[in-house]
Amino acid sequence: RGIWHDGWKVVAWHRPGTQFENDEWELYHLDDDYSQARNLAEEYPQKLRELQDMFMVQAAQNKVLPIGGLKQSGWGRESGQQAVDNYLETKTVCAVL
């Protein structure tokens, strides 16, 4: 996950099998550090929070929430009974007459 805005970039690194809320976020000012060698997250916590919030707004507007899908978000289970019932429900029937 990441977003760029006005010369700043924020990115979250996710380790598979861990909770998304435990991800480490990094902040870079690309105008001064194009190679992203210096993580500024601790020095500019307000800028980090601003870009994290901007990321979440964009994620919501682009309908990519919940991050990690329903199974990892805790909002539901893709393989749960409701998902199976929805999959098996007849939605369209085509017949050649």
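What follows is a set of questions and answers on this predicted model.

Trainee: In what order do the elements run from the N terminus on?

Mentor: The protein has three helices and three strands. From the N terminus on, they run β-β-β-α-α-α.

Trainee: How many bridges pair strand S1 with strand S2?

Mentor: S1 covers residues 2-5 and S2 covers residues 8-13. The two form a hairpin, with two residues between them. One of the pairings sets Trp4 against Lys9 in S2. The strands run in the antiparallel sense, and the number of bridges is four.

Trainee: What is the phi of Asp6?

Mentor: Asp6 sits in the loop between S1 and S2, in the turn of the hairpin. Its relative accessibility is 59%, over the 50% cut-off, so Asp6 counts as exposed. Most residues other than glycine have a negative phi. Asp6 is not a glycine, yet its phi is positive, at about 50 degrees.

Trainee: Is Gln36 buried, partly exposed or exposed?

Mentor: Gln36 lies in the loop between S3 and H1. Gln36 also has a positive phi, about 55 degrees, without being a glycine. Its relative accessibility is 28%, which falls between the cut-offs of 20% and 50%, so Gln36 is partly exposed.

Trainee: Which side chain of opposite charge is nearest to Asp33?

Mentor: Asp33 belongs to the loop between strand S3 (24-29) and helix H1 (45-61). Asp33 is buried, but has no salt bridge.

Trainee: Which backbone nitrogen does the side chain of Asp33 reach?

Mentor: Look at the contacts of Asp33 first. Leaving aside neighbours within four places in sequence, Asp33 is in contact with Tyr28 and Arg38. At 2.8 Å, the side chain of Asp33 reaches the backbone nitrogen of Arg38.

Trainee: Is Asp23 buried or exposed?

Mentor: Asp23 is in the loop between S2 and S3. Its relative accessibility is 9%, under the 20% cut-off, so Asp23 counts as buried.

Trainee: Which side chain makes a polar contact with the side chain of Asp23?

Mentor: Not counting residues up to four places away in sequence, Asp23 touches Arg1, Ala12, Trp13, His14, Arg15 and Thr18. The polar contact between side chains spans 2.7 Å. The partner of Asp23 there is His14.

Trainee: How far apart in space are Glu50 and Val10?

Mentor: Glu50 is in helix H1. Glu50 is partly exposed, with a relative accessible area of 37%. Glu50 and Val10 are 40 residues apart in sequence. From C-alpha to C-alpha, the distance is 9.7 Å.

Trainee: What share of the contacts join residues at least 24 apart in sequence?

Mentor: Take burial first: of the 97 residues in the protein, 26% are buried. Now count contacts between residues at least 6 apart in sequence. The share joining residues at least 24 apart is 30%.

Terms used
Residues numbered from 1 in each chain as written. Predicted model: local features only at pLDDT ≥ 70, side-chain atom pairs only at ≥ 80, totals over all residues. Heavy atoms only, no water. Buried < 20%, exposed > 50% of the residue type's maximum accessible area, 1.4 Å probe, protein only. Lys, Arg positive; Asp, Glu negative; His and termini not counted. Salt bridge = Lys/Arg side-chain N within 4 Å of Asp/Glu carboxyl O. Polar contact = N/O pair within 3.5 Å; in protein donor to acceptor, adjacent residues only side chain to side chain. Contact = heavy atoms within 4.5 Å. Pairing = 2+ DSSP bridges.
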